[in-house]
Amino acid sequence: ITIVMGNVVMVSLRQSVTPDRLLGRVNSAYRLVAWGTMPVGALLGGLVADSFGLPTLFVAAAIVAMPPLLFMPVLSNRAMDEAERDNQ
């Protein structure tokens with residue numbers, strides 16, 4: 001349920017801040033990066049788990065997932081309101 005809700009929020013946000021003339025390009029670039037890297041991540045995750053064990057894989061995944069949290073202060077409501085205004 002969390003993944004579905006997150007996807008709805010991300011797509012809605014992306015569409016609200018992207019100019020109409022760029023929606024197709026932005027969406028296709030997002031899908032290329034998101035879906036195109038999944039097989040690579042699965043392969044690397046399998047190799048790490050096979051070589052070093054599952055606990056190491058979970059620690060590595062947590063470390064990789066942490067840097068986006070640094071951008072949370074930048075993505076404020078005010079910043080998103082400005083992005084939506086700029087799009088109109």
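The protein has a radius of gyration of 17 Å, whereas a compact globule of 88 residues would have one near 12 Å; the radius is taken over C-alpha atoms, and the globule rule is 2.2 Å times the number of residues to the power 0.38. This is a predicted model, in which local features need pLDDT of at least 70 and side-chain atom pairs count only at pLDDT 80 or more, while totals for chains, interfaces and linings use all residues. Residues are numbered from 1 along each chain as its sequence is written, and side-chain values use heavy atoms, with hydrogens and water left out.

**Overall dimensions and surface**
- Along the principal axes, the C-alpha atoms of the protein fill a box of roughly 50 × 25 × 20 Å.
- Of the 88 residues, 6% count as buried (under 20% relative accessible area; exposed is over 50% and partly exposed lies in between, with a 1.4 Å probe and protein chains only).
- The protein exposes about 7,400 Å², of which carbon and sulfur atoms supply 71%; accessible areas come from the Shrake-Rupley method with a 1.4 Å probe, and for residues only the protein chains shown count as cover.

**Secondary structure**
- The protein has four helices and zero strands (DSSP runs numbered from the N terminus: helices are H or I with at least four residues, strands are E with at least two).
- From the N terminus on, the order of elements is α-α-α-α.

**Packing of α1 and α2**
- The axes of helix α1 (residues 2-17) and helix α2 (residues 23-52) come within 10 Å and cross at roughly 145° (axes are lines fitted to C-alpha atoms, for helices over the stretch in contact, and angles run from 0 to 180 degrees between N-to-C directions).
- M10, R14 and Q15 in α1 meet L23, V26, N27 and Y30 in α2, contact meaning heavy atoms within 4.5 Å.
- By class, this contact has four nonpolar, two polar and one charged residues (Ala, Val, Leu, Ile, Met, Phe, Trp, Tyr, Cys and Pro count as nonpolar, Asp, Glu, Lys and Arg as charged, and the others, Gly among them, as polar).

**Individual residues**
- G6 is found in helix α1 and counts as partly exposed because its relative accessibility is 27%.
- R78 lies in helix α4 (residues 77-87) and, at 64% relative accessibility, counts as exposed.
- R78 and P39 are 39 residues apart in sequence and 36 Å apart in space, C-alpha to C-alpha.
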